[in-house]
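Let's take a walk through this structure together. Have a look at the picture first, and then we'll go through it piece by piece.

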Amino acid sequence: ARNAEDISLKQVLEVVEPDLISTKITLKGNSGPQVANVWREISKRFEKSMNGFTVAQLAQSEASGDWEI
């Protein structure tokens, strides 16, 4: 078993909701490459943000109520 401090939100979502964090990028159309570049940057920032939260932090913020993952 792993400590809650060692499990990131990204790791949880990869198991429970993989479609939520997967990015499908298309290069269709004239603006496709530019849009793809923006989505890649957004994806990197989203991933960094998800890695910045742990299950322990989520549990602390929800300590007053019941919740499920």
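Are H1 and H3 roughly parallel or roughly perpendicular to each other? Keep in mind that what you're looking at is a predicted model. The axes of H1 and H3 cross at roughly 110 degrees, and they come within 6 Å. Angles from 65 to 115 degrees count as roughly perpendicular, so H1 and H3 are roughly perpendicular to each other.

Now zoom in on the place where the two helices meet. From H1 come Leu9, Lys10 and Leu13, and on the H3 side they find Glu47, Met50 and Asn51. Helix H1 covers residues 9-16, while helix H3 covers 32-51.

You'll find Lys10 in helix H1. Leaving aside residues up to four places away in sequence, Lys10 touches Ile21, Glu47, Met50 and Asn51. Is Lys10 buried or exposed? Its relative accessible area is 15%, and buried means under 20%, so Lys10 counts as buried.

Next, the charges. Side chains of opposite charge can pair when their charged atoms come close. Lys10 and Glu14 are separated by about one helical turn, because they sit four residues apart in helix H1. Glu14 has 38% relative accessibility, so this residue counts as partly exposed, whereas Lys10 is buried.

Lys10 also forms a salt bridge with Glu47, where the closest N and O atoms are 3.7 Å apart. This pair links distant parts of the chain, since Glu47 is in helix H3 and Lys10 is in helix H1, 37 residues apart. Like Glu14, which is partly exposed, Glu47 counts as partly exposed, at 36% relative accessibility.

Arg45 and Glu41 are four residues apart in helix H3, about one turn of the helix. Arg45 counts as exposed, at 58% relative accessibility, and Glu41 is partly exposed, at 34%. Elsewhere, salt bridges that share partners join Lys10, Glu14 and Glu47 into one network.

Which residues make the nonpolar surface patch of about 530 Å²? Ile25, Leu27, Val35, Val38, Trp39 and Ile42 do. Take Val35 as one of them: Val35 lies in helix H3. With a relative accessible area of 38%, Val35 is partly exposed.

One last stop is Thr54. Where is Thr54 placed? Look in the loop between helix H3 and helix H4, the latter being residues 55-61. Thr54 has a relative accessible area of 16%, and since buried means under 20%, Thr54 is buried. Setting aside residues up to four places away in sequence, Thr54 touches Ala4, Glu5, Ile7 and Ser8.

Now go back to the crossing of the helices. H1 and H3 are roughly perpendicular, with Lys10 among the residues that meet there.

Terms used. Residues are numbered from 1 along each chain as its sequence is written. This is a predicted model: local features need pLDDT of at least 70, side-chain atom pairs count only at pLDDT 80 or more; totals for chains, interfaces and linings use all residues. Side-chain values use heavy atoms; hydrogens and water are left out. Buried means under 20% relative accessible area, exposed over 50%, partly exposed in between (1.4 Å probe, protein chains only). Contact means heavy atoms within 4.5 Å. A salt bridge is a side-chain nitrogen of Lys or Arg within 4 Å of a carboxyl oxygen of Asp or Glu. Patches are made of residues with over 30% relative accessible area and no salt bridge: like charges are joined within 9 Å, nonpolar side chains (Val, Leu, Ile, Met, Phe, Trp, Tyr) within 5 Å. Accessible areas come from the Shrake-Rupley method with a 1.4 Å probe; for residues, only the protein chains shown count as cover. Axes are lines fitted to C-alpha atoms, for helices over the stretch in contact, and angles run from 0 to 180 degrees between N-to-C directions. Angles under 35 degrees count as roughly parallel, over 145 as roughly antiparallel, 65 to 115 as roughly perpendicular and the rest as oblique.
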